[in-house]
Amino acid sequence: MMKPETEVELSEMVRGAAGPLRIVGGGTRPVGRASGEVLSTVGLSGISLYEPGALTIVAGAGTPLREIEAALKVENQRLPFEPMLHGAILGTEGESTIGGVVAANISGPRRIQAGACRDSLIGVRFVDGRGDIIKNGGRVMKNVTGYDLVKLMAGSWGTLGVLSEVAFKVLPGIEATLTVEVSGLDDVAAVAAMSAALGSPFEVSGAAHDPDSGKTMLRLEGFTDSVTYRGERLSAVLRPFGDVAVSDATDWIEVRDGVKFAGGTGDLWRISVKPSDGPKVGGALDGAKLLYDWGGGLVWAEVAIGTDVRGALNGMVRHATLVRGVGAGPVFESEVGVLARVSDGLRAQFDPRGILNAGMMG
Amino acid sequence: MEMPMPDARVLSRKADIVARLQGVLPMDAVIHEPHETRVYECDALTAYKCPPLAAVLPSSTQEVSAVLKVCHAMGVPVVPRGSGTSLAGGALPTADCVILGVARLNGVIETNYADRYIRVQSGRTNLSVTGAVEEMDFFYAPDPSSQLACAIAGNVAMNSGGAHCLKYGVTTNNLLGVTMVLMDGTVTEIGGGHLDAGGLDLLGLICGSEGQLGVVTEATLRILHKPEGARPALVGFDSNEVAGACVSDIIKAGVLPVAIEFMDQKVLEVVEKHAKAGYPECEAVLIIEVEGSEAEIDMQLGLIREIAAKHNPVEFRESASEEESAAIWLGRKSAFGAMGQINDYMCLDGTIPVSELPYVLKRIRQFSEEYGLDVGNVFHAGDGNMHPLILFDANKDGDLEKCEAMGAEILKLCVEVGGCLTGEHGVGVEKRDLMHAQFDAVDMEAQLRVKDVFDPAWLLNPSKVFPLGVTQARRIAAE
């Protein structure tokens, strides 16, 4: 296993690599099918800059997510995008690293309001497949200087370069959280209710529906008085849909981490659609265990091993990723046509030898 | 400012090129007479002008594709143009180029309130996107100052921001999908109504690529319900440094206003004279806007008042009515126009870490004295996006050059303190030659390789963003 302690070492290792490399942070999200000698980023660890007054944090890619979140908490700040942890659904242990979060563009329920990981990411440093050290973006939250390789690196699963450092815009902490729950809705009604909530001015920061518990949950966050007020107003918006209860449940980890799928043996898929198509996904996957997040736009579906999920969703504009299990077909949605040509072209430019997480997204 | 020599072979085939373009477009969509092409000789960076070989105004994605196929086959450079409001010269032509204007692509294709998006053609103006969803109390958040005129195509090309992006983000954070035509005429769809489309984040790469990777003809944009209300407060300080410190404290306290705008003494004097906004006489004014219900607004402004009080403000004026809100914003909104009335100006938009505000403002004042040119500062303070306006006299020999030299010093300073050359206007031609200050050769090469993939012939807006010396080999090889 290669474990560089500095960016220069990382560069030398990639440049000198004789064959394919499998890039690993904390190893908590073993999604995808890459093989090769393991290159661990955990040696590139540590917060190099944190300016609470500028809402900015910069850290080595191998820095544990937990360390970043703890440092932010001291100043009553947070990462806006609420990164999920895959430990529960994948049964993995260990520390998720911030570089892994970026490489996989990991977000949580707050994605619908605060954006994905890529929306808070403001700078990267990485080593491409040639061993070149490249920087892009920086540590300011508005930056349009040159092409935005920051976004390109987010969610590229290590196939374009090995991240060495990442910079984020952060947000102030949350004083109060409140969950408005509607019970007894079927999936179609639940998504309609969530759409009404998300289309209101009350700044909903989480919108999930669990068909098994029959609960549709809308989250409000902010200053205490404001949350109380918006809880009342949002309840009024939701009452036409069903029985409404307001709870001070602050814990959205069950939704964020897909805890109900823990220990399951079926294939677990993560399907992104436009929210109003969410129930159609559920309907097309007969017998699936489902969880709707992002107002219906993110469907978690546990299905029998080997189910052809993409086949079942044929004709629907969607993006399906196999997060756990055997599946049918590739783990990631295949790019087709022009997009495949462009993506292959980019990979050939950044990694001409094809050694970085080869085959990962293919 | 240098532009590459026009390609003589292209110039000599003008008649042929025009005829081929007329073969794929209606007659009135191909503009080639010299007295007509002059309309397209510059954008809002008016210091540089050059009429194009021709301009075309396609009305559909298919027509855009047909135009690009012709230009690709004939080796003609293409400069895409939204509404021509770029302050960075993003749409500045070369004599051998075809300007591809998207002004006729201005329709709304789909509004979807349940899924909270709108799909528009890219020539539609920013403000008219909000106009299309206003009846349902929705809006499109990014609000560049030129929003009345600027096109979504240009917003996507430059990844435009605006006063309210502290809360809502810039274009890239509100863009869900595009239809894009590559230089060879291939039409492609990226993203759409669903979030985080699979594969590499090409959408994020396209946004802010200054029309060098493809021509965006349609865009799916996130729309939001309007807040229940919004209210600004105006706070005056007797020093820039204290105003800067107050901004930092507000952000640290956990309040997230939708906008924090900063104006310095020079700007205050000028807007007072021209807009009569009734601003206090002091060294710096902040306009801070918060949103929500009446009670939420009261609460947030209360907190802000408490924080500001610790910095001994000269005045804290909270709006009590629509009229007062308009009056508070009047000076800020008329600042650029007012500055333009007293002189020509160059508007920079370097971004710096908020913590460096006091230092950078001090250094800008020193530059102003050294160069003998007045500077006004009016900017988005919450995110460190500066807008120094350097005043100069375009009719005075050497003044423009002096102004550009001073601008370069300011932008290099922005990079030095940890910031960047441009926060929302784009590089264009204006900051092209300063890219070395921010990126080393390897950083830049990585970006050029991206263009190689999308536009191997280097025909799409080829003389922008990167120093000509850096792109020369590629441009020549492609010819």
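## Two perpendicular helices in chain B

H11(B) and H14(B) are roughly perpendicular to each other, a word that covers angles of 65 to 115 degrees. In this predicted model, local features need pLDDT of at least 70 and side-chain atom pairs count only at pLDDT 80 or more, whereas totals for chains, interfaces and linings use all residues. Residues are numbered from 1 along each chain as its sequence is written, and chains are lettered from A in the order in which they are written.

Helix H11 (residues 265-275) of chain B packs against helix H14 (residues 335-342) of chain B at an angle of about 90 degrees, the axes being 9 Å apart; these axes are lines fitted to C-alpha atoms over the stretch in contact, with angles running from 0 to 180 degrees between N-to-C directions. Helices here are DSSP runs (H or I, at least four residues), and strands are E runs of at least two.

From H11(B), Val267(B), Val270(B), Val271(B), His274(B) and Ala275(B) meet Ala335(B), Ala338(B), Met339(B), Gln341(B) and Ile342(B) of H14(B), where contact requires C-beta atoms, placed from the backbone, within 7 Å. This contact has eight nonpolar, two polar and no charged residues.

## The contact between the chains

Chain A contributes 69 residues to the contact and chain B contributes 75. On the side of chain A that touches chain B, H13(A) gives the most, with seven residues.

## Overall form of chain A

Chain A has 13 helices and 17 strands. Its C-alpha atoms fill a box of roughly 65 × 50 × 35 Å along the principal axes. Among contacts between residues at least 6 apart in sequence, 71% join residues at least 24 apart.

Methods
Parallel < 35°, antiparallel > 145°, perpendicular 65-115°, else oblique. Contact = placed C-beta atoms within 7 Å. Nonpolar A, V, L, I, M, F, W, Y, C, P; charged D, E, K, R; others polar.
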